[in-house]
Amino acid sequence: MVKSASDTRERIVTAAAKLFYSEGIRAVSVDAVAEKADVTKRTLYYHFDSKDDLITAYLETRDQPNLAVYRRWFAETDGDLAAKVKGIFDNLARSARHPKWKGCGYLRTSAELANMPGHPAIKVGAAHKKNVEQWLAALFEEQHLVEAPKLARQVVLLLDGSFAAVLLHRDPTYMETAGEAAAALVAAAGKGK
């Protein structure tokens, strides 16, 4: 059976995602991605002009699935708005306890590309973080919370800070503590309506 070009491209991105997430983007060669995807290097370059394009595609494919997971965790958590926001952090902490957890792929990629601020993958990462912030802002606005956009930004800062702290300390309770802080901010904003 002949594979379609989109199937091949998807297989390459899937292989790259596994390698980039587990080992880091700089540590992974194009040869390693081609081997994991079971394609030739030439086939890989048929679908992607460069490794930079492949890194960007890896992050682009994670945006909506990551946001969907946050939405699901929010929806599945019982309680008021503050409890639901805390539920996102609690679920992240649970994920961080898995031995293969490596943190936020967007933040790790931005750290690896810190000397290249105009890199397309940095722009994709920033857009993803903005999507999370806008989703939270919309939730907070629906509940008529005081300064909903500012509150959403504060929660995103707690999320990203907790990713960094957990990677540094290898202790998911930092994420749970950040969740408690986020819940307190949300509860306080609710009282100020």
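**Figure 1. Glu147, in the loop between H8 and H9.** This close-up comes from a predicted model. Glu147 is not a glycine, yet its phi is positive, at about 50°.

**Figure 2. The whole chain, for orientation.** The predicted chain has 10 helices and zero strands. Read along the sequence, the pattern is α-α-α-α-α-α-α-α-α-α. The C-alpha atoms fill a box of roughly 60 × 35 × 35 Å along the principal axes. Of the 193 residues, 43% are buried. Contacts between residues at least 6 apart in sequence were also examined: 65% of them join residues at least 24 apart.

**Figure 3. Asp38, in the loop between H2 and H3.** Asp38 has a positive phi of about 60°. Asp38 is not a glycine either. Its relative accessibility is 66%, so Asp38 counts as exposed.

**Figure 4. Helix H4 and its surroundings.** At the start of H4, Ser50 places a side-chain oxygen within 3.3 Å of the backbone nitrogen of Asp52. The buried residues of H4 are Leu54, Ile55, Thr56, Ala57, Tyr58 and Leu59.

**Figure 5. Helix H5 and its buried face.** H5 runs over residues 63-76. Its 14 residues, at 1.5 Å each, should span 20 Å, and the end C-alpha atoms are 20 Å apart, so the two values agree. Which residues of H5 are buried? They are Asp63, Leu67, Tyr70, Trp73 and Phe74. Seen down the axis of H5, these buried residues fall within an arc of 120°, so they line one face of the helix. An α-helix has 3.6 residues a turn, so residues three or four places apart point the same way. On the other side of H5, Ala75 and Glu76 are exposed.

**Figure 6. Asn115, in the loop between H7 and H8.** Asn115 counts as exposed because its relative accessibility is 62%. Its side chain makes a polar contact of 3.4 Å with the side chain of Arg26. Asn115 and Ala34 are 81 residues apart in sequence. Their C-alpha atoms are 26 Å apart in space.

Figure 7. What does the side chain of Glu133 join through a polar contact? The partner is the side chain of Arg153, at 3.0 Å. Neighbours within four places in sequence are left aside for the contact list: Glu133 is then in contact with Pro149, Ala152, Arg153 and Val156.

**Figure 8. The pairing of H9 and H10.** H9 packs against H10 (residues 173-191) at an angle of about 170°. Their axes are 8 Å apart. The two helices are therefore roughly antiparallel to each other. From H9, the contact is made by Leu151, Gln154, Val155, Leu158, Ser162, Phe163, Ala165, Val166 and His169. H10 contributes Tyr174, Met175, Ala178, Ala181, Ala182, Leu185, Val186 and Ala189.

**Figure 9. Ser162, in helix H9.** Is Ser162 buried or exposed? Ser162 is buried, because its relative accessible area is 3%. A polar atom of its side chain lies 2.7 Å from the backbone oxygen of Leu159. With neighbours within four places in sequence left aside, Ser162 is in contact with Phe89, Tyr174, Met175 and Ala178. Tyr174, Met175 and Ala178 are among the H10 residues that make the contact with H9.

Terms used: Residues are numbered from 1 along each chain as its sequence is written. This is a predicted model: local features need pLDDT of at least 70, side-chain atom pairs count only at pLDDT 80 or more; totals for chains, interfaces and linings use all residues. Side-chain values use heavy atoms; hydrogens and water are left out. A polar contact is a pair of N or O atoms within 3.5 Å; within protein, one must be able to donate a hydrogen and the other to accept it, and residues adjacent in sequence count only if both atoms are side-chain atoms. Contact means heavy atoms within 4.5 Å. Helices (H or I, at least four residues) and strands (E, at least two) are DSSP runs, numbered from the N terminus. The expected span of a helix is 1.5 Å times one less than its number of residues. Buried means under 20% relative accessible area, exposed over 50%, partly exposed in between (1.4 Å probe, protein chains only). The arc is that of the directions from the helix axis to the C-beta atoms. Axes are lines fitted to C-alpha atoms, for helices over the stretch in contact, and angles run from 0 to 180 degrees between N-to-C directions. Angles under 35 degrees count as roughly parallel, over 145 as roughly antiparallel, 65 to 115 as roughly perpendicular and the rest as oblique.
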